[in-house]
Amino acid sequence: MLSRAEAVFTHARLPFIVRITPFTQPPMLDAVLAARGFVAFDDTRVMVREDLSGVGEPSAPNGCSFQMPGHGAFAEAVGALRGSPLAQRQAHAERLRASPVRYVGVLLKRGNEVVACGQMALEDDLVGLYDIHTAPAYRRHGLGLAICEHLLQRAHQLGARVAYLQVDADNEAARSLYAQLEFADGYAYHYRGRQPPAVG
Amino acid sequence: MIVHAPPAAPRSGFAALAPDFDARLLSRIEDAGLNTASRWTSC
């Protein structure tokens, strides 16, 4: 079955990449892929906060203000903070425009400068945090905390009960921030492919 | 206040769900992430 699936992807000139989670069936799939030479990459933790009722009223840090731009402006700001090329920024904007779930993108601005960003995706009582990013010059000033609290508080107002996010396992700074926000590890996932995808 | 994150679970823990959470909730979260928002970048 694996060989047939891989052949389909190869024929379509697409990389054959498998996502491995605790829900993967059969459970030995990860070991089977490893034995066939598939390498693991993107070791990721899904962190969860079950109760949003305690999220306080966030305030923008001194000299900063929260703004909610449209799809294009938000994707452009995220791309600028991440240093993404134009094509990725445009693709991001298109994904947001066509989003099947409600999303809210927020920028934290100091004057005209975007210093941090974040967005949430709402699905029933679940809210996922994505695109949390702070400009390098403004890190360790509580801006990521402020933008996450802003998103969580708004999500709670809109009916969310449980929040989740995905973070690189070795991103200790981000994991510390999310632990401060009462997120804890729920499970892990990673991918396996013939080779890791090129970055950028 | 400085809060240190707990160390990430080792690779050997991939098959496990954190016992502090309901497995059905984590399954819903996986579905939500896969079906909708995983098309966006992670944090």
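In this predicted model, the centres of domain 1 and domain 2 of chain A, taken over C-alpha atoms, are separated by 31 Å. The domain assignment places residues 2-43 of chain A in domain 1 and residues 47-186 in domain 2.

Moving on along chain A, strand β3 (residues 65-67) and strand β4 (residues 102-110) run antiparallel and are joined by three bridges, with A:F66 standing opposite A:L108 of β4(A). Strand β4(A) is also joined, by nine bridges, to strand β5 (residues 113-123) of chain A, again in an antiparallel arrangement, and here A:K109 stands opposite A:V114 of β5(A). The hairpin made by β4(A) and β5(A) has two residues between its strands, and A:G111 takes a positive phi near 65° in it.

A positive phi also occurs in residues other than glycine. A:D131 has a phi near 55° and lies in strand β6 (residues 126-134) of chain A; A:D131 counts as buried because 26 other C-beta atoms lie within 10 Å. A:R140, whose phi is about 65°, sits in the loop between β6 and α5 (143-157) of chain A, and A:R140 counts as exposed because it has 8 C-beta neighbours inside 10 Å.

Chain B, finally, has one helix and zero strands, and buried residues make up 28% of its 43 residues.

Key. Residues numbered from 1 in each chain as written. Chains lettered and ligands numbered in written order. Predicted model: local features only at pLDDT ≥ 70, side-chain atom pairs only at ≥ 80, totals over all residues. Domains from an automatic or database assignment. Pairing = 2+ DSSP bridges. Helix = DSSP H or I, 4+ residues; strand = E, 2+ residues; numbered from the N terminus. Buried ≥ 20, exposed ≤ 12 C-beta atoms within 10 Å, placed from the backbone.
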